[in-house]
Structures are given as C-alpha cells and as structure tokens.
Amino acid sequence: MSKQFSTTEKEYGFTTRAIHAGQEACPSTGSLITPIYQTSTFVLDELGKNKGYQYARSHNPTRTALEECLASLEGARYGLAAASGLAAVSIVLDLLKAGDHVVVGEDVYGGVYRLFERVLRKFNINFTYIDASNLEAVENAITPETKLVWIESPTNPLLKLADIRAIANICQRRRIRLCVDNTFATPYFQRPIELGADIVVHSTTKYLSGHSDIIGGAVICNDEELYSELKFFQNASGAVPGPFDCFLALRGVKTLALRLREHERNATAIAKYLENHSQVEKVYYPGLPSHPQFDLAKTQMAGFGGVVAFVVKGGLEAAKTVVNSTSLFQLAESLGGVKSLICHPATMTHAPIPKEVREPLGIVDGLIRLSIGIEEGKDLLQDLESVLALTQQPITAQ
Ligand SMILES: *Cc1c(COP(=O)(O)O)cnc(C)c1O
C-alpha cells in the first residue's frame with residue numbers, strides 16, 4: 001500500500017510537495033512515477049459506476065496529478081490544467097457575461113491583450129487598462145459592472161510590480177475577483193492566493209515545465225464553488241492538455257525550486273554586471289536596489305526571478321548587434337527554460353504596438369530582454385561581455 005500524501009499538508013516544504021503532491025505511487029502496479037494515461041476513455045464497472053474517470057476531456061489521471069501538485073504549490077486547494085497559458089486565461093474569462101467589465105494591468109502579456117480586445121470584446125465584455133503599480137488608478141477604473149481585476153506581477157518586459165495584497169483588499173471590499181498571472185514569479189517566489197487573490201493563472205510553458213518543450217497552462221483557486229464553475233468551463237470549452245504534456249510538466253515541476261535558485265543566481269550576477277557596464281543605459285530587475293519597487297519586491301516575493309531587461313546605448317543598431325551576436329543566448333521569444341534566451345521586444349513581442357505608444361512605456365529600440373537560463377554563470381557573463389564590446393566600436397570616424 002503506497003503512502004497517502006495530503007496536498008493540504010502545509011507542514012511539508014515546497015520541494016517535497018513538488019515531488020509528492022498528487023503523485024502517490026500507482027495503487028494497482030506500484031509505479032513510482034505517475035504514468036502517462038494515454039487513453040481517450042475509461043471502461044465503466046457497470047452502468048452508473050466508474051473509478052472516477054469516464055472520458056479524458058473531463059478527467060485524466062496524469063492531468064489530475066499535475067492539477068493537484070500545482071494547487072499544492074500555490075498553497076491552494078484546486079487546480080485545473082489547460083492546453084496553453086492562453087487557454088487557462090480563457091477558462092477564467094468564461095466566468096463573465098456580456099456587459100461585464102474587467103480592470104487590466106496595462107502591460108499584460110500581448111496574447112492576453114489580443115484575447116481581450118479581439119475575441120472577448122465581440123461578446124460585449126469591456127476592458128479598462130491601467131498602471132497596476134498605481135493603486136489609485138486601479139480603484140478609479142472600477143465601475144459597477146466590474147467583475148474581475150486582472151494583473152501580472154512582475155510584468156513583461158519591464159518587470160514592474162503590482163502590490164497584490166493591496167489590490168486584493170480593494171477587490172474584496174467591492175466583491176470583485178482578483179486574478180493574478182503568476183507566470184514570471186512562479187509559486188516558488190510568489191503565492192498570490194496567500195496574498196488575497198482569488199485566482200492564479202500560469203503559462204506552464206515557462207518556468208513550471210522549465211525546459212522549453214511544451215505549451216501548457218493552469219488555473220488555481222481556493223474556493224470550492226469557484227472551482228466548480230471553472231471546472232465546468234475547462235470541460236465545456238475542452239482546451240485540455242494531453243497526458244504526455246502533463247507528464248512533462250509534472251517532471252519539470254519537481255526541480256522548480258532547484259532551477260529557480262540557479263536562474264536567480266545567474267540573473268542577479270548578470271543584472272549587477274550590466275548595471276556597471278558603460279554601454280548600458282538602464283537595467284530592469286526587481287532584485288536590484290535601483291528598481292523603483294525593490295522594497296515591495298522584498299516583501300511580496302521570496303526571490304526575484306530569472307528575467308532581466310536592459311537598454312543598450314546606441315539604439316536599434318546596437319540592440320541588433322547584441323541580439324544577433326550572442327553565442328549561448330538564443331534569439332527567440334518565450335522564457336523560463338534552462339536554456340538562455342534573448343529577445344528584442346520592440347521588433348518581436350511588442351512589434352504590433354506603435355512606436356509612439358510603446359516608447360513612453362519604456363519599450364524603446366535599445367531594450368533587450370534576457371531569459372537567464374541555468375548554464376554556468378561565468379559563460380553567460382562572457383557571452384554578454386563579448387557582444388557588448390562589439391557595440392563599443394565607433395560607428396563613424398569623425
Ligand atoms: C507566455 C505567457 C502567457 C501565454 O501562455 P502560452 O502558454 O504561450 O499560451 C500568458 N502570460 C504570460 C505572463 C506569459 O509569459
């Protein structure tokens with residue numbers, strides 16, 4: 001008989017829960033690791049009697065294990081896995097109806113903005129975008145129709161923070177739900193539900209799976225009634241992940257804490273190095289004392305993550321030289337994997353935003369975003385050092 005692990009056992013540490021929660025040995029075979037239940041349907045014992053599984057869109061044991069594990073890591077009771085981060089966002093927005101209003105942090109993930117503006121607006125759901133680091137702006141944007149406040153912290157690519165506890169208080173007073181996209185921080189560094197949020201969403205594509213090898217998402221909450229509603233939409237819309245992707249996410253999550261400590265160690269060293277570099281105009285990293293919300297970061301987060309953004313001197317030309325010349329940092333969108341990535345927001349992730357709009361927000365032509373991997377720190381520093389040296393060469397002889 002395998003030992004039962006209760007996901008609500010808070011006395012277990014984070015990594016213990018990452019390895020055990022929802023992942024008891026298989027009662028019929030003893031399989032130590034949760035198997036990939038590659039099946040579409042489950043045989044009934046008799047009419048009206050099953051073993052808890054009937055059809056794999058509704059439930060799959062590999063997915064259940066992932067859902068229980070992710071809920072436990074967020075310090076919550078319920079988890080739902082989705083086919084992508086955006087599918088997870090969709091499940092949450094399915095809670096709304098025509099005429100409802102959502103207050104949204106202005107620098108949310110581009111795909112979230114597109115879903116809100118190009119899909120959900122068609123159904124007469126309305127959105128107001130505000131600077132979520134400004135509590136007054138959040139409060140002032142709320143209308144009698146507001147049903148949801150949607151924020152990210154830290155944001156992409158400028159790593160701005162929102163005070164989750166303060167926003168949760170605003171929402172609770174007005175009986176509005178708060179959803180936090182916790183993709184950048186991960187539950188290892190930040191647990192929004194413990195700070196008062198109602199719902200957490202993730203793109204498990206990023207740090208949770210951690211190896212840049214799947215697309216996935218998750219929705220997590222504590223309230224049973226809310227969970228039943230969300231569970232209904234997960235099944236009704238049907239954008240569920242396959243069992244193999246759930247297996248990979250579960251495998252990734254087991255080393256989340258180890259990886260994040262390395263991501264952060266490398267990111268801290270790189271942020272400090274860049275801050276002292278003569279070719280760098282500005283560095284964005286919540287773990288730097290120069291970050292305007294460093295104090296909030298220290299109280300709200302247990303660590304500062306693995307994404308660093310910086311502005312190279314010399315504008316577009318210099319930025320192009322940097323992103324085209326690194327050897328280890330790979331030029332690609334996305335983040336959160338063991339391999340380091342580099343990207344140029346102005347021409348890649350934020351290209352659809354007109355220059356006059358993005359520049360005042362800080363997304364200038366010289367801005368570069370790094371997703372710091374877990375390679376040897378000195379190799380990553382060396383890579384950046386050699387490409388920054390290239391930007392130092394005089395462009396025109398006087
Ligand atoms: C990537 C990302 C998403 C979307 O997730 P997909 O898995 O790509 O659908 C949503 N929010 C944030 C913060 C992200 O980084």
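Between domain 1 and domain 2 the count of salt bridges is zero, a salt bridge being a side-chain nitrogen of Lys or Arg within 4 Å of a carboxyl oxygen of Asp or Glu.

Some background. This is a predicted model, where local features need pLDDT of at least 70, side-chain atom pairs count only at pLDDT 80 or more, and totals for chains, interfaces and linings use all residues. Residues are numbered from 1 along each chain as its sequence is written, and side-chain values use heavy atoms, with hydrogens and water left out.

Now the domains. Domain 1 covers 7–254 and domain 2 covers 257–390, with bounds from an automatic or database domain assignment. Their C-alpha centres lie 27 Å apart. In contact (heavy atoms within 4.5 Å) are 32 residues of domain 1 and 36 residues of domain 2.

Next, area. The domains bury about 2800 Å² between them, 63% of it on carbon and sulfur atoms. Buried area is the accessible area (1.4 Å probe) that two parts lose on being put together, summed over both. On the domain 1 side, Leu-158, Phe-189 and Tyr-207 lose the most area to domain 2, together 30% of what that side buries.
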